[in-house]
Amino acid sequence: MIVFTSCNKYLDVKPQSQIDETKLFSSDEGFREALNGVYTLCASTNLYGGNLTFGSFIGTATSGGLDVLAQNYQFSDPVSQRIEGFDYTDPTFINTENTVWNTAYQAINNCNYILAAIDGKKSIFTGNDYQLIKGEALALRAYLHFDLLRMFAPSYASNPNAKAIPYVTQVTVKSTSFSTVSGVLDQCIIDLNAATRLLINSDPILQGYTVGYPGQQGQNEDASPDLFYQNRRHRINYYTAVGELARIYLYKGDYNNALINAKFVISGKVFPWTSEADFFSASNTTRDRIFYKELISCWFVDNAPVNAEVNSLYLNTNPIFSATTDQINNIYEIAQDGGDDWRLKQWFVTTAPTQGSDLRAVLLKYNNNAAPLKNLHPLVAPAMRLSEIYYIAAEASYGNGDTDGALGYYNTVRKNRGIGDSVVTVADKDAMNELLLSDARKEFYGESQIFYMYKRLNHGIPITPTFTRPPSDQIFVLPIPLNELIFRNN
Amino acid sequence: MKLKFLYNPANFAGSVKCNLSVVVKLTAILIFVGVLQLSAATFAQGITISKKNVNLETVFKDIKRQTGYTFFYPEKVNTTDQKLNVDLKNATLKEALDYCLKGLNLSYTIVDKTIVIRLLPAGSKAAIPAKSPDQLLEIKGKVVDAKTKETIPGVSIYLKSIKTAPLGITDDKGDFIVHAELGDVLVFTFIGYKPKEVGVMDSKPLTVKLETQVETMNETVINGYQTLKKESYTGSAITVSGEELKRNNPANVIKAIASFDPSIRIGDNNLTGSDPNALPKLTFRGSTALPSVDGSIVDRNNLSSTYNLPAFMLDGFPATLEQIVDLDIDRIASVTILKDAAATAVYGSRAANGVIVVTTKVPKPGKLQLTYNAQLNIQAPDLSSYHVLNAAQKLQYEKLAGLYTTNPAVSNASQYDLDQQYNKILKNVVSGVNTYWLSQPLQNAFGMKHSLDAQGGDSTFRYDINGRYQTSPGVMIGSSRNDYSGGMTFYYNPSKKLLFRNQLTITQEESTNSPYGNFSTYVAMNPYYPITDANGNSLRELANWTVANPSKASGASEYISENVNNPLFEAHVGSFSKSAYFQVLDNFAMDYYITNALKLSTQFGLTDTKNTSDQFVSPLSNTFYYGPTSQINNRGSYTYNVDNELTYDGQVKLTYNKQFGGHSVNFLLLSEIGNDTNDQKGFTAVGFSNATFTNIGFARSYALNSSPLGDWITSRFNNNSLTGNYTYQNKYLLDLTGNMNGSSAFGDKHRYAPVWSAGLGWNAHNEDFFKTAFPAISQFKLTATTGEAGSVAFPADLAKTIYTYQTANWYSTGVGATVNGYGNDNLDWQKTTIDQLTLELGLFNNKLTIKSDYYYKLTKGEIVQLTTAPSTGYLNYDANLGDVKNVGAEVYITFNAYKAKDININLTGTFVHNKNAVVHINNALKAYNESVNKYQADTANHAQTIPLLQYEEGRSINTIWGVKSKGIDPENGKEILVKRDGTLTYTYDAADIQPIGNMDAKGEGTFGSNITYKQFYLYFLFHYQFGGDYYNQTLVDRVEDADPRYNVDARALTQRWQKPGDVTFYKNIQDLSITHPTSRFVQKNNEIDLSSVTLSYDITKKLAKKIGLQSLRLSLTANDIFESSSIQIERGIYYPYARNLTCMLQATF
């Protein structure tokens, strides 16, 4: 028996180029790496570094991005046209949505590994790392589930008791049963509340952190000598968790709680509006293309694959993702008061088409300078914008009967986008929603957020200036991947 | 007994008195035995007895009556059980007694008128006080090798009855002098030779001829850990000598092994053909592997063979398939194939698929002996299975297939364009362009091998030094596999009790792949394409077609232009792909005889292998030619990978071997640890200026956005085993093995698994009644074995949760680590239960031998990859599910058909039958079948034409699945399909898929003969199989589904439906739709092939001596020269098959 015990040790081989779970979770460093791993997955082209933001895979150029469904582009190839027309049986689309589903749950599973191990290892952490890592893992789990819900389940407005998605909190090969829409939202709220309680005492963003452009004086983004504490906005921070709560309460139609959380973010005054000088800087290297300082959270995607993807999607001579200039002028309401909109002026460039006769407007939001020129900020995929929090605050205020407050939040965004004149009256709730929707569509162009807004409001999707596709679960609910239904084991 | 007897006179006074005088007398007798025995002959009297089937007692009574001599038995002598026939006429007393006691365990002495009969117990002579040499006979003689007549120094000479101390040893001239009694039996033993017993008849000088052990190998079984007597072993094993292997196939060790035992199957690897660098896929006794249900399902060619690969042992240490493939066949002494549980249980977890034990030659002592082997291997490509169209036919076919009629589904070219295209090709055809592309990348390959072996030494130190140089070019130009190896072995016996052995082998292997690429490219080339332009310059591009874009991705255009590149141009741009390994292998062993019966052995083996691979893609290659111009300075790439593999293995063995009376026991206690570490590194560099400077140092940069590759994998095992073998009177046999096996591949909860085996056997031919009842049956051995074996042939991290660092893609806040997959720590051993019944029958002094095995093999807890709902975070995981059984019979027959002075004819035949069935599959695996249909339906997978693997309980793993077909409708050239409900349809529906055939052959085997005539030796072996089904993919891929823009099988032109009324096998020639798997293409696979023929000639000893040699053999072996099959398939898709001829010369100095 002694022989076997000692041999047991001999047979316990630890891999070197990889790491055993037990070994990884035996140090603070290991937990940090596991958490970074979740962000790596989220920032991959399968999720926010691609499909869930820009809407494409590398190389294979298969679209499925939600901005396609929001009719922000114009396509000449039959596959994209089918997807644009809400044909969810197209194999290319099915492929993409399978990838999204699989990778999102893979990321959730990675969170669950951390959460399953972390409480037993409290003693190994230094500083506030236990709270910070656990808080972020919980918030990430909620964030990912909420996005899956927004894609694969009917909206709360449509049917709060509909079968939604599994809310997975355990590491197991047994499949978790499906929750209802409101069930998923409740679980998200539980996780986010737990996350905010942990983050409030541990997140450096609450400890005199100054948002700014990396490398510049007086900011804290890359100031910490510890890489793990840098770039708080590249990870889920305290404000993201709060903002996510605002999002979710609004999704539920709970204006009170939505407003409380939105106000909480706004009153923190951590995220300054972008100055005109930065946005319009003549120099390529000092131009802010994305309102970087306004991002409450974003995914760091400044890597070769995403750079290559962004180039192929928006910047080639004949980019796959482009709209006609007419389409863009319509979105930005050039006929009304949108002509001065900074976003229209800086985000689009008009090119002569290689196919068809319409001039095309190409998005420059994700433009990056050719080496060795540096950008003012790294390439990121926005996860949550300050402007969205203002939209939430506006919608929630209006829902609570505070019209002036609502218009105040709305006009603040307009003002910071260079549209001088404020809107002072609004007829009714629908009109308020139209105001918010039209601005959000401008703000979120190329970010895949506007689809969720249409869905949440159960609002039709405008196909052309004269035709709107009426709202229905048929267009708003992406089909659950077949494998999820076939291979359930309980 | 005697002592007690003498100290109790009071009780037995009478009897003591009576016996005492006799005792005294007999004591005296015993002292003078030697003297008096000789004089016994003088008491001669005429004795006449003629009786049948009487016992000894009766005969003794007759003798007593006729001579007046009385008999006395001082010990318990049984005189009633022995029956004998006596026919004596006027014999002397000595003759009569000798006659009667012959063969019995009795001796006699005559004292006065009393004949004392005593038992002749083993070792009785040891009890006799040592005699001075002058009382014994002095026997002189010499010991020589029976074959070479060389004297052998160092031979030990023992008395048969006393084996502990030798009487003497031969000197350096092979001479000996010993002292022994008349009637003693001398045993001459020497390592590498069969022990020889010689009775002492007189003092005349003896010449003792020892025969080499190799020739008696069939009587022993080497299981890798110990050598056992075959007669007393219940396990099932096939042993083949190196010599036999070489005669069968000197160029391919694995093929040679497989042809001796058809239960080992070399997978029909149609893809790699005769590629010298492709490793064979082996399966043993039917398939047990269930597929992995992952993204890369389900084509039969994707199935990994490792799950069914037998374990290899080389000189007591685990070896890889590659090591065996590259082994110098001249070094092999024997190969043993262990098949059933009793034979393999000692290997525990590695034994589920049988074990192949290879031993290399042991140096023989004596004068320095040099052996030189030369081989010339000629390979010629076998193109007989390709039937391609010539230029004119091809153009005719294209026209018929509608290639020159506008069709928007295929191309957007106008009729004018198409006519122009047609005429351009017609111009080529008319001007005589008719390139035979198939022969372009091929050559007749000439390989050679030279090996030299020197051995010698004396009984304390023996050595062997060997070296080899071998080149094995393949039939595709540029492909080759070259081996250089050298080795040194020594055996050192400092004393009778101690043996040291060390074996060092160094191997350098270099393999190069053909720059000509896939052979299929050449098969597909149109014959009307010229290779060069009018000036004789090689053309890069041969044709350009506008075709519908197969890519359905967004943003892709509807039509694309497709180039047809000249593969010969690509072959000459300077790209290369080669790999090499350098291996140092050292095995050290020590045997210590604690007592005569108990032996302690330790072994340690170390193998260090450095594998490198170099792949250079020339900057001139098409890969870059069509690439973006912005990347011109990154053209050309060089990928370098290195893998350092370190394997060590240590064993301690305790063996106990004892015979007493009729009992014989044999124990083996074994403990072994093994480790295998792979350390891999690699990177890719890009940017080469031209194809002349291919050194990696000329690269401009590392590959863009790539990071170096590195991996480190270690697997370990620990094997503990106790084996017992018990034999009673060589009649009743029992084998028991218990094994505790540990492996690092298993989860914490199942690190060790016990396996066991038991075997019972009966040597009926050793029973007396059997001998009298069936005198013609010389061997009748019946064994039954049962037991378990495990299998661990899968990646080390399935049972563990492993994180991988995303080192190539750091997040802005540090490097991330992500989970690889579900670590199933419940993962258990895949266990196989094997029950086997074996009958070995020998008739007419083993002139005819028949060995038949019947086995039942049940593999439980097959490790299957299960698909999970992706919301778990995993797409799949591995679990023990699925049971598969293989039931089969194997028959091996050898027949010595004719034997005379100069001629000897042996016939051999084998037959195996295996029935495979899935016994149990998990629900998840059932769901797999569903997913397969879906997979097939998805055009993106390009799997519509291939029958995919599906599983159903009760059916063979090798079932072919598809839709039943009634053939082609002569009316319209469409295929008539049968729906599940029996109705007929033209429409293919995956829901109608059902079993349409079974690939398992009803029977398979070999038959052949070896004939010796004087100095000539002829050997041939046929392989046959029948009764299995085969899905003829060639007919689908090359006739029906063939892209008419490329060259096709001739049947596409001649045998397809063209007009109503044509009764054809193939559908409408214009129908370019996909042919789905249907029963139309399921054909019976009956085939016979001549796998090898050998003719050899040994020059006579006399002639050899004259030219200063000991022996010289010339031989010629041809492999794969003839094949006849009921199906016609294109064999060798990426690499053609070759016929093989080997000329050999073996000279011993």
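The buried residues of helix α8(B) are B:V253, B:I254, B:A256, B:I257, B:A258, B:S259 and B:F260, where buried denotes under 20% relative accessible area, exposed over 50%, and partly exposed the range in between (1.4 Å probe, protein chains only). This helix of chain B spans residues 253-260, and seven of its eight residues are buried. Helices (H or I, at least four residues) and strands (E, at least two) are DSSP runs numbered from the N terminus. At the start of α8(B), a side-chain oxygen of B:N252 comes to within 3.1 Å of the backbone nitrogen of B:I254.

The model is predicted: local features need pLDDT of at least 70, and side-chain atom pairs count only at pLDDT 80 or more, whereas totals for chains, interfaces and linings use all residues. Residues are numbered from 1 along each chain as its sequence is written, chains are lettered from A and ligands numbered from 1 in the order in which they are written, and side-chain values use heavy atoms, with hydrogens and water left out.

The interface of the two chains comes next. Here 62 residues of chain B are in contact (heavy atoms within 4.5 Å) with 64 residues of chain A. The area buried between them is about 5,400 Å², of which carbon and sulfur atoms give 60%; buried area is the accessible area (1.4 Å probe) that two parts lose on being put together, summed over both. In chain B, B:Y803, B:Y811 and B:T813 lose the most area to chain A, together 15% of what that side buries.

Between chain B and chain A there are zero salt bridges, a salt bridge being a side-chain nitrogen of Lys or Arg within 4 Å of a carboxyl oxygen of Asp or Glu. Strand β34(B) gives the most, with eight residues.

Strand pairing also links the chains. Strand β1 (residues 18-20) of chain A is joined to β38(B) by three bridges, and the two run antiparallel; strands pair if DSSP finds at least two bridges between them. The bridge partner of A:Q18 in β38(B) is B:T804.

Over all chains the structure holds 55 salt bridges. One of them joins A:R141 and A:D191, with the closest N and O atoms 2.9 Å apart. A:R141 lies in helix α7 and A:D191 in helix α8 of chain A, 50 residues apart, and both are buried. In chain B, the side chains of B:E322 and B:R481 meet at 3.1 Å, N to O. B:E322 lies in helix α9 and B:R481 in strand β25 of chain B, so the pair ties together parts 159 residues apart in sequence. B:E322 counts as partly exposed at 27% relative accessibility, and B:R481 as buried at 6%.

Most residues other than glycine have a negative phi. A:K269, not a glycine, has a positive phi of about 50° and is exposed at 73% relative accessibility. A:S448 has a phi near 65° and is buried at 0% relative accessibility.

Key: A polar contact is a pair of N or O atoms within 3.5 Å; within protein, one must be able to donate a hydrogen and the other to accept it, and residues adjacent in sequence count only if both atoms are side-chain atoms.
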